[in-house]
Amino acid sequence: MVRNISFDIAAILLLYLLLLSTIFRKMTKSLTDRAFLASIVCAIFSSYFDILAVALDSFASANHFALYFAHTGYLMIHNAQTLLHIIFVISLTDTWHKVRKNRFLQLMLWLPYFVSFVLLATNPLTNLVFSIENGYRHESLFIILYIVVAFYIIADFCYIIYYQKQLRLRRIVSLCSMAVLCVAAIILHLIWTVQLTECFAVALSLFVVSIGVQRPEDYIDSFTGLLKHSAYGYDMKRAFPNGKHVNIVMFNIGNYSTLRAMLGYEMTENMLFALAEKLREINKKLQCKAILYYLDRGRFRMVFSEKAREKSEAAAQAVLDTFSQRLHFNGIDIDFVPCVVLARCPEEIESFASLMAFGNDFDEKFHCVGKYLLAADVYNPNECNIQNNIDAIIDDAILNDKFEVYYQPIYSVHQKRFVSAEALLRLFDSNYGFISPELIIVAAEKSGAIHKIGDLVFEKVCRFIASAEYRQLGLDYIEVNLSVAQCMRGDLADKILSTIEKYHIDTNSINLEITETAISYSQQAMADNLDKLSGAGLSFSLDDYGTGYSNMKRLISLPLKLVKLDKSFVDEQNNPKVWVFLQNTVKMLKDMEMEIVVEGIETTEMVEVFSNLDCDFIQGYFFSKPVSKDNFVDFILAAKK
């Protein structure tokens, strides 16, 4: 009976295509890539040995040694495919560290193949597996080879199922394809013995894995050639539940936005590639064997396995030293602001969510110039927990009415009394304590919850203004802040006017405060809202003047009554240039018939300086910090006596 080698030839052609694709796509660096590459090479040799065995079987005068060599080689290599597949799965789930520490798992991994290897190696002496005396035929212990293959297939399935949460559905289907195709090929071969389908089934399964798992476009950054954000997230998300200990050198370019604006798209792309090359040089020079990632917005990561953790400190210092130097690039000199943090996980940062939250913007929070920081010194678990759960915290606060409105009094320089107050959002959570308003606003604007929060605050302020206790305070108005997102809400004006009518209060008892950043957005919805509210009698003030990017023409066109000078100018009043700016700004605003509020006043000297500068109102800790409604009422009543 002559067996057909057509499927073997087809397998070889498909495997060579996979091999070339793997090499050209540079998928040879990680342990997972190398395991996949080994599977391809092994499958190629397996196919060649199968063809050789068939060819030698067809010659009656074939040398016995050659026959044993061909069949033994095929069976040894072919059976190794299932072992390589489970090695690939272990690498893909990033659990090698668990296998290395568990002798039972090591035994289960290597012993079955070792048994089959010994049986095949000694078979020329025993003929217990197969014999060739009267043509190639299976003997009594050949079943052991099937048992070994079955063991690895079952172990494969169990491993994939156990770690399914760490694998995407596409990957699970692709990984299971080998077992399904191999079983189908064995059954087909038993039914149709002349067709050698097993090697082709292996080649086809590797092709499926190449499409479903080994996709460099999924995890290689096109700018730098490093692993990208999704790969970093995927790897770190597996590391924590797997109990893997790693050190991470986090490198953020603090002035990335400025550099990108200066260089433009193409030069920024080239710059990122140059930075990636320098990181590769550091990795190679120190023999770190770290995995390199580029996330986005000038954020790089070096991840050190447990074996290489001791080299992370030297790498962190090398990164800082390298990028603290001026880089000559495309004919210009570039100065970077490198911010480097060394984190030990999970000892210092205990969870994936906390790692991602901390790494996102540590360059904006900490002064990193001149040294690298240790995560143990700057990481705040509670703050990261708040960031991770901020949406749930906000939803709970809205549902259970936990948001409070605090009031900070505003003093009139000319009337010598408190005439108004700014309403400020506050939240104290029973689990996390005080939550920063800035954090709440940023998260709420992203989720859309800002509109509900804005409605709650405005409702509470209107209810307070309509109360008897407010009327006895003798205040002129309360300032209520509007976020950027609120200003662009189509029904904002109708909502505000409806609430005012509900509580039967005067429109001039409320002043709406918008930021300079908000007016830089040229949106018709915002303009329509401001015009309608202004026409109804509400006044507006501009907050954070001097810190945004507003167009002066748009500033003039807005119905503004008040302008609030940002606290940063108060802090730098002794700077001669800042003082000149303040003097001329105050004069300009006065000539435009606008009133001026100075924020951040904390000392008697500051009160005198800005009063003499002809500012109209003073706000700051000198008089009072923001306080609850009841404390605010007591404060104003006491001040009137």
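**Close-up views of a predicted model**

**View 1. The largest cavity has a volume of about 40 Å³.** The structure shown here and in the other views is a predicted model. The count of cavities of 30 Å³ or more comes to 1. Thr 82, His 85, Tyr 152, Ile 153, Asp 156, Met 178 and Ala 179 line the largest cavity. At least two lining residues are supplied by each of the helices α3 (64-92), α6 (142-162) and α7 (169-191). The largest share, 3 residues, is that of α6. Sorted by class, the lining of this cavity consists of 4 nonpolar, 2 polar and 1 charged residues.

**View 2. The second largest pocket is lined by 34 residues.** Its volume is about 1100 Å³. Nearest the centre of the pocket lie Glu 422, Leu 424, Glu 438, Asn 481 and Asp 543. The strands β11 (417-429), β13 (477-481), β14 (510-515) and β15 (539-545) each supply at least two residues, and so do the helices α16 (437-447), α17 (450-465) and α19 (484-487). By class, the lining of the second largest pocket has 14 nonpolar residues, 9 polar residues and 11 charged residues.

**View 3. Helices α11 and α12 cross at roughly 140°.** The axes of α11 (residues 256-285) and α12 (residues 312-324) come within 10 Å. Because angles over 145 degrees would count as roughly antiparallel, the crossing angle of roughly 140° makes α11 oblique to α12. The crossing of the two helices is right-handed. On the α11 side the contact is made by Leu 275, Lys 278, Leu 279 and Ile 282; on the α12 side it is made by Ala 318, Val 319, Thr 322 and Phe 323. The contact residues of α11 and α12 divide into 6 nonpolar, 1 polar and 1 charged.

**View 4. The peptide bond from Cys 345 to Pro 346 is cis.** Omega for this bond is near 5°. Pro 346 is placed in the loop between β8 (338-345) and α13 (352-365). Most peptide bonds are trans.

**View 5. Gln 287 has a positive phi.** The value is about 55°, although Gln 287 is not a glycine. Most residues other than glycine have a negative phi. Gln 287 is found in the loop between α11 and β4 (291-294).

Terms used. Residues numbered from 1 in each chain as written. Predicted model: local features only at pLDDT ≥ 70, side-chain atom pairs only at ≥ 80, totals over all residues. Heavy atoms only, no water. Axes fitted to C-alpha atoms, helices over the stretch in contact; angles between N-to-C directions. Helix = DSSP H or I, 4+ residues; strand = E, 2+ residues; numbered from the N terminus. Parallel < 35°, antiparallel > 145°, perpendicular 65-115°, else oblique. Left-handed = near helix turned anticlockwise from the far one by under 90°. Contact = heavy atoms within 4.5 Å. Nonpolar A, V, L, I, M, F, W, Y, C, P; charged D, E, K, R; others polar. 1 Å grid on protein atoms, 1.4 Å probe; cavity = no way out; pocket = protein on both sides within 12 Å on 5 of 7 lines; lining within 4 Å. Points joined across faces, edges and corners; volume = space filled by probe spheres on them.
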